[in-house]
Amino acid sequence: MSSLTRGERVTLLVALVASAGAGVAHYAGASSVLAFAIAAVALAALASVVSFATEQVGARFGPAVTGVLQSTLGNLPEFFIVLFALGAGEVVVAQTSVVGSLFANALLVLGAVILVGARRDGTMRFRSRLPQDTATLMLSASFVIVLVALAVASHDEASHHVDALSAVASVCLLAIYGAWLWSYLRSDEPREEAHVAARPAVPLAVSVVLLAVAGGGAAFASDWFVAALAPAIDALGISQAFAGLVIVAIAGNAVENVVGIVLAAKGDADLAISVVKNSVAQVAVFLFPLLVLVSLFFEHHLTFQLAPVYVGAIALTAIALWQITGDGEATVFEGVALIAMYVTLAAFAWLD
């Protein structure tokens with residue numbers, strides 16, 4: 001603690017107090033507005049802690065290791081939210097929250113990161129391998145989703161076995177992710193000394209513990225956040241699709257939202273892109289298929305069968321990611337384009 005600045009200590013204290021307060025408000029049956037406000041503060045503070053810990057780890061390793069570690073912990077809230085939703089029989093919320101997480105990271109968060117990272121000279125530059133790999137992984141997931149959609153639409157014999165088809169596809173996607181992750185981590189380049197602004201402020205063990213604790217805390221805070229939103233959703237007449245696609249997805253990805261933008265603001269383009277792109281890749285070919293397999297142990301199953309509009313949106317998102325970031329640079333207008341795509345999709349979910 002002695003090596004931390006006063007601001008960093010205050011952030012840790014706020015995260016601890018707000019997380020405890022969110023838990024008390026949730027289990028004590030406090031008003032939904034109060035519980036929502038406290039949980040929102042807890043999520044923001046926990047995201048700030050993850051951002052700090054990620055920087056500390058990134059000072060020792062390359063962007064690949066750091067991005068994979070942070071995005072894995074950052075996706076914990078989404079994992080638990082989907083499990084809670086499936087346990088409650090809310091299949092629509094569970095499915096749209098996973099898809100919404102994909103759209104939120106690939107369009108909204110990445111667009112915001114590009115806007116912030118390109119604000120100085122109009123262009124954000126980064127290593128191109130990860131964006132190209134992410135596009136390939138997204139296309140792999142799109143292939144599965146489109147295949148299932150076509151089978152259902154044409155009423156093929158396979159359409160009567162969507163659960164089995166989704167399970168087989170999940171195993172295949174996990175194999176693709178494992179093969180990619182192995183080669184990606186092995187190819188990581190050490191960070192150049194000149195690129196590191198300062199020595200790590202805390203030991204590596206402390207950084208890893210902070211990442212784990214803050215990521216786990218974000219999972220609980222996200223659950224309490226969503227639980228507090230339920231009464232408001234009912235009162236406003238918001239559909240389950242919009243709640244899952246937008247509200248739950250953004251709440252479950254609060255960590256990436258803050259971390260990626262903070263890193264981009266500090267000029268660490270490679271690490272900022274790594275954090276967001278790793279999250280996109282993990283949701284598409286790790287989190288989604290893993291949840292499909294885990295859901296087999298629940299009464300209600302998660303599958304790759306989606307509404308046609310979301311099938312098309314996922315395929316087009318994969319193409320947009322390849323076009324915009326595949327060359328290792330992105331401009332301000334491309335960041336705006338990604339955000340505009342997300343806003344249009346959210347408007348559809350609102351009006352649907």
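**Entry 1**

I take contact to mean heavy atoms within 4.5 Å. The model is predicted, so I note that local features need pLDDT of at least 70, that side-chain atom pairs count only at pLDDT 80 or more, and that totals for chains, interfaces and linings use all residues. Residues are numbered from 1 along each chain as its sequence is written, and side-chain values use heavy atoms, with hydrogens and water left out.

I looked up valine 116 and found it in helix H5, residues 91-117. Helices (H or I, at least four residues) and strands (E, at least two) are DSSP runs, numbered from the N terminus. Leaving out residues up to four places away in sequence, valine 116 touches Ile261, Ala264 and Ala265.

**Entry 1: the chain as a whole**

I counted 13 helices and two strands in the secondary structure of the chain. The chain has 352 residues, and 52% of them are buried. Here buried means under 20% relative accessible area, exposed over 50%, and partly exposed in between (1.4 Å probe, protein chains only).

Among contacts with a separation of 6 or more, 86% join residues 24 or more positions apart. The accessible surface of the chain is about 15100 Å², and carbon and sulfur atoms hold 70% of that. Accessible areas come from the Shrake-Rupley method with a 1.4 Å probe, and for residues only the protein chains shown count as cover.

Is serine 170 buried or exposed? I find serine 170 in helix H7, residues 162-186. Serine 170 counts as buried because its relative accessible area is 0%. Apart from neighbours within four places in sequence, serine 170 is in contact with Pro289, Val292, Leu293 and Phe304.

The structure holds eight aromatic pairs. Rings of Phe, Tyr and Trp (its six-membered ring) pair if their centres lie within 6.5 Å; planes under 30 degrees apart count as stacked, over 60 as edge-to-face and the rest as tilted. In one of the pairs, phenylalanine 288 and phenylalanine 304 have ring centres 4.7 Å apart and planes at 55°, so I list this pair as tilted. The pair links distant parts of the chain, 16 residues apart: phenylalanine 288 is in helix H11 (residues 269-294), and phenylalanine 304 is in the loop between H11 and H12.

I checked the accessible area of both partners. Phenylalanine 288 is buried at 5%, and phenylalanine 304 is buried at 1%. Elsewhere in my list, ring pairs link Tyr177, Trp180, Tyr184 and Phe286 into a cluster.

**Entry 2: the cavity**

I searched the whole structure and found one cavity of 30 Å³ or more. On a 1 Å grid over the protein atoms alone, a cavity is a set of points where a 1.4 Å probe fits but cannot get out, and a pocket is an open set with protein on both sides within 12 Å along at least five of seven lines; lining residues have an atom within 4 Å of a point.

Which residues line the largest cavity? I wrote down Leu102, Met138, Ala141, Ser142, Ile145, Ala284, Phe288 and Ile314. H6 and H11 are the elements that give two or more residues to this lining, and H6 gives the most, with four. Ala, Val, Leu, Ile, Met, Phe, Trp, Tyr, Cys and Pro count as nonpolar, Asp, Glu, Lys and Arg as charged, and the others, Gly among them, as polar.

Isoleucine 145 has its C-alpha atom 9.9 Å from that of proline 308, which is 163 residues away along the chain. Proline 308 lies in helix H12, residues 308-325. Proline 308 is exposed, as its relative accessible area is 70%.

Leucine 147 lies in helix H6, residues 129-153. Leucine 147 is partly exposed, at 42%. From leucine 147 to valine 311 I noted 9.8 Å, C-alpha to C-alpha, and 164 residues in sequence.

Of its 16 lining residues, Glu90, Val93, Val226, Ala230 and Val248 are the closest to the centre. Helices H4 (76-87), H8 (204-236) and H9 (240-252) each supply at least two residues of the lining. H8 has the largest share, six residues. I sorted the pocket lining by class into twelve nonpolar, one polar and three charged residues. For volumes, grid points are joined across faces, edges and corners, and a volume is the space filled by probe spheres set on the points.
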